[in-house]
Amino acid sequence: MNPDHPAQIPIDPVVTGDPLSQAAAQVEYVPADFFKRVPLETLFSKPGPLEVDIGCGEGAFIAAMAERYSDRNFVGIERLLGRVNTVCRIAAHRRLDNIRVLRVESSYVVEHLLPRESVAVAHVLFPDPWPKRYHHPRRLIQPAFMKALHGLLAPGGELRVKTDDQPYFLWMEKVFATAEGFERVDWPEDPDYPVTNFERRFLAQGLPIYRARLRKI
Ligand SMILES: C[S@@+](CC[C@H](N)C(=O)[O-])C[C@H]1O[C@@H](n2cnc3c(N)ncnc32)[C@H](O)[C@@H]1O
């Protein structure tokens, strides 16, 4: 049980009792009330700028960021249980107490769960491209998402997006062009920006990576 939240349920239905599983169970954050914004002070032991990794997958990126920037706090958002468990175990194994993971639909988190104007950087890395036209409404980057994200970002907060999928990137460019309250910012090659699990595969295949950085104005 998470002492902060008695309603917290274990990430693994069969809690083996081994210390790593128990520590990993503390990394997942299950809100006590899904209709209230999460009080950030219950998430982390230390205050610090908050970054979110939306669709964090198996967590190579968020773990590397949390290790590199121990003065910042990180929330991973991921809907797949197996991936959530993997991230939680990595964070517990490396004793990264500046990571929490939410297994909740990402648009809901952005619009309703995290406090408004609380996020310094939102990372959206290799979101599902949904290539079929009739699936395009499922794409994460949409005008409504940008509006909700604008409310979530702190003043001067940033969105950083990467994808290997050119058609989706062209779609994003159109959404970004009409998104109110953002400016495009240069994003020079940055060796300190960790590679994600998916990105590693795409790079190994020699695929180009498209990226965009926007700042809230
Ligand atoms: C293509 S993967 C990329 C994962 C990771 N960012 C990386 O680059 O390795 C997209 C991830 O987003 C998650 N995802 C997709 N839609 C989601 C949603 N609506 N809410 C939360 N997670 C979502 C998927 O489960 C998947 O793990």
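Below are some questions and answers about strands, cores, rings and a few loop residues. This is a predicted model, where local features need pLDDT of at least 70, side-chain atom pairs count only at pLDDT 80 or more, and totals for chains, interfaces and linings use all residues. Residues are numbered from 1 along each chain as its sequence is written, and side-chain values use heavy atoms, with hydrogens and water left out.

Q: Which residue in E4 is the bridge partner of Leu50?
A: Two strands pair if DSSP finds at least two bridges between them. Strand E1 (residues 50–54) and E4 run parallel and are joined by 4 bridges. In E4, the partner of Leu50 is Val119.

Q: And which residue in E5 is the bridge partner of Ala122?
A: E4 also runs parallel to strand E5 (residues 153–163), with 6 bridges joining them. Look there for the partner of Ala122, and you land on Leu159.

Q: What is the handedness of the β-α-β unit made by E4, helix H5 and E5?
A: Point the strands away from you and follow the path from the first strand over the helix to the second: if the path runs clockwise, the crossover is right-handed. Here the helix is H5 (residues 143–152), sitting in the unit with E4 and E5. The unit is right-handed.

Q: Which residues touch the most other members of the largest nonpolar core?
A: A nonpolar core is a set of buried Ala, Val, Leu, Ile, Met, Phe, Trp, Tyr and Cys residues joined through side-chain atoms within 4.5 Å. The largest one here has 37 residues. Elements giving two or more residues to this core include E1, E4, H5 and E5. The members with the most touches are Ile54, Phe145, Met146, Leu149, Leu159 and Phe176.

Q: What does Phe145 touch, not counting residues up to four places away in sequence?
A: Contact means heavy atoms within 4.5 Å. With those sequence neighbours set aside, the list for Phe145 is Ile54, Val110, Val124 and Leu140.

Q: Why is the pair of Phe169 and Tyr210 stacked?
A: Rings of Phe, Tyr and Trp (its six-membered ring) pair if their centres lie within 6.5 Å; planes under 30 degrees apart count as stacked, over 60 as edge-to-face and the rest as tilted. The search of the whole structure turns up 5 aromatic pairs. For Phe169 and Tyr210, the centres are 5.4 Å apart and the planes sit at 25 degrees, so the pair is stacked.

Q: How many residues apart in sequence are the parts that Phe169 and Tyr210 tie together?
A: Phe169 is buried at 8% relative accessible area, while Tyr210 is partly exposed at 22%. Phe169 lies in helix H6 and Tyr210 in strand E7, so their pair ties together parts whose separation in sequence is 41 residues.

Q: What angle lies between the planes of Trp187 and Tyr193?
A: Both of these residues, Trp187 and Tyr193, are buried. Ring pairs also link them with Phe61 into a cluster. Trp187 and Tyr193 form an edge-to-face pair, 5.0 Å centre to centre, and the angle between the planes is 85 degrees.

Q: Which way do E2 and E3 pair, parallel or antiparallel?
A: Strand E3 covers residues 99–102, with Ile99 and Val101 pointing one way, Arg100 and Leu102 the other, and all of them buried. In E3, Leu102 is the bridge partner of Ile77. E2 and E3 pair over 4 bridges, and the sense is parallel.

Q: What is the phi of Arg95?
A: Most residues other than glycine have a negative phi. Arg95 is found in the loop between H3 and E3, and at 75% relative accessibility it counts as exposed. Arg95 is not a glycine, yet its phi is positive, at about 55 degrees.

Notes. Buried means under 20% relative accessible area, exposed over 50%, partly exposed in between (1.4 Å probe, protein chains only).
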